[in-house]
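Subject: Structure for you to look at

Hello,

Here is the structure I said I would pass on. Please open it first and then read the notes under it.

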Amino acid sequence: MSLRASSRVPVPRAPLSLSAASPSRSLMRATPSRTGHDGLIPAHGGRGLTKALVDPDEVADAARWASSLRRVPITSRENGDLVMMGIGGFSPLTRFMGKEDWQSVCEKMLMADGTFWPVPITLSADSAPARRGEQIALEHRGEVVGVVEAEDCWEMGAAQRALECENVFRTTDPEHPGVRAVLNQRRFNIGGSVRVLSEGEFPTRYAGIYMRPEESRRKFAERGWRTIAALQLRNPMHRSHEYLAKIAIEVCDGVFIHSLVGNLKPGDIPADVRVRCIDALVKNYFPPENVMQGGYPLDMRYAGPREALLHALFRQNYGCTHMIVGRDHAGVGNYYGIFDSQYIFDNIPTPEDPAKRLLCQPLKIDWTFYCKKCDGPASLRTCPHTKFDRVVVSGTMVRKMLSDGMELPDHFGRPEVIDILREYYKGLTNKVEIKLGHAATMN
Ligand SMILES: [Zn+2]
């Protein structure tokens, strides 16, 4: 295996914004100018990776102490957020947000101290803490996974829920899965510092895939990578994704295929199946030294543009200088314009202190597909032909076709991947009806 020399100058070989969708692509900086102590992009917030995970040799004592505390059950989303704070994925955040941070993040995409942050990270509970400073045990699936020290508490009335939904999701439609989650959350939000006792099932269930930011950073540094593009995946990797990853490899040192291993909405394909699809694709169609696969523990929020920014933020903590943003990144249904998640990167606050800015840059790529006349994968920027020459099938549409037992069009996916998906759908007993949105999301 030939690794690239670590002495290579960390500059990509081409401008890193590839889409016509961006009005400012020529102004985009190719690489962030600052680096962390490992030579990689620094963690967000300027304090390195901030980790709330309790040391392994202190966990037993901490768990014994936590067992005496009042318990609050947490949701899957809250648990994913907690684990991210544990492992430094949400650096510099190591607390569920208090009211001031929550409101400022919703309205301005800034925490109260002026640090960029696009999506509120909150904890809900049925009752308020007994007193300020109360330590509360957080329970997920019967296990105490962390402790929060309650520093703030406020009621999430109808007005507060609407404020969060309008700003973060751009809609208050209860059909939107992210809005529904906010409407269904409990009466109070509790803000406060956390200590994390357990990463739950992620390290064992996704062994070899689930990765902490310090691990991906160590592996990037070992390979001599400096410019790394993250490819966000929540659908099986088909040929358009393969094309996106290969574009990224052409302009960066490597690509980090980073799968969501938390919860999706019903009807989506579970992480273990998606991971096997990526394995098959990487094994047969990529030089292994230019690709790395990893997983992160969050649930999807389906917040479209705002979530794309959160994805870039935690990719920075994982050591990525860039994130590929294709069509309808993190969207759902028809709630977002198909390139809104690209445009938003040009309209975010840029705090005076560079440490408080988002440094991970979008690698904007236009709508991609296989074109029969071009005789290969292409995008709207490279292919002059018509829709009749193109195989345009979204990940959502593929799930529907597989679920309904239909044949997939030629050139849509590699046979090794299609075989894995067919096998999965054959074994399904409870099928969920899949709805198609206008953008039929592909990421
Ligand atoms: Zn073409």
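Predicted model: local features only at pLDDT ≥ 70, side-chain atom pairs only at ≥ 80, totals over all residues.

Helix pair. Helix α9 (residues 271-285) packs against helix α13 (residues 415-426), with the axes 8 Å apart and at an angle of about 160 degrees. Angles over 145 degrees count as roughly antiparallel, and α9 and α13 are therefore roughly antiparallel to each other. Their crossing is right-handed. On the α9 side the contact is made by Val273, Arg276, Cys277, Ala280, Leu281 and Asn284, which meet Glu416, Val417, Ile420, Leu421 and Tyr424 of α13. Of these contact residues, eight are nonpolar, one is polar and two are charged.

Helix α5. In α5 (residues 177-184), the buried residues are Gly178, Val179 and Val182. Viewed down the helix axis, they fall within an arc of 100 degrees, so they line one face of α5. The cover over these buried residues includes α4 (158-168).

Backbone details. Most residues other than glycine have a negative phi, and most peptide bonds are trans. The bond from Ser91 to Pro92 is cis, with omega near 5 degrees; Pro92 sits in the loop between α2 (76-87) and β2 (95-96). Met109 has a positive phi, near 60 degrees, and is in the loop between α3 (99-108) and β3 (124-125). Met109 counts as buried, with 20 C-beta neighbours inside 10 Å. Asp328 also has a positive phi, near 50 degrees. Asp328 belongs to the loop between β10 (322-325) and α11 (340-343), and is buried, with 30 other C-beta atoms within 10 Å.

Regards

Conventions: Residues numbered from 1 in each chain as written. Axes fitted to C-alpha atoms, helices over the stretch in contact; angles between N-to-C directions. Helix = DSSP H or I, 4+ residues; strand = E, 2+ residues; numbered from the N terminus. Parallel < 35°, antiparallel > 145°, perpendicular 65-115°, else oblique. Left-handed = near helix turned anticlockwise from the far one by under 90°. Contact = placed C-beta atoms within 7 Å. Nonpolar A, V, L, I, M, F, W, Y, C, P; charged D, E, K, R; others polar. Buried ≥ 20, exposed ≤ 12 C-beta atoms within 10 Å, placed from the backbone. Arc of directions from axis to C-beta.
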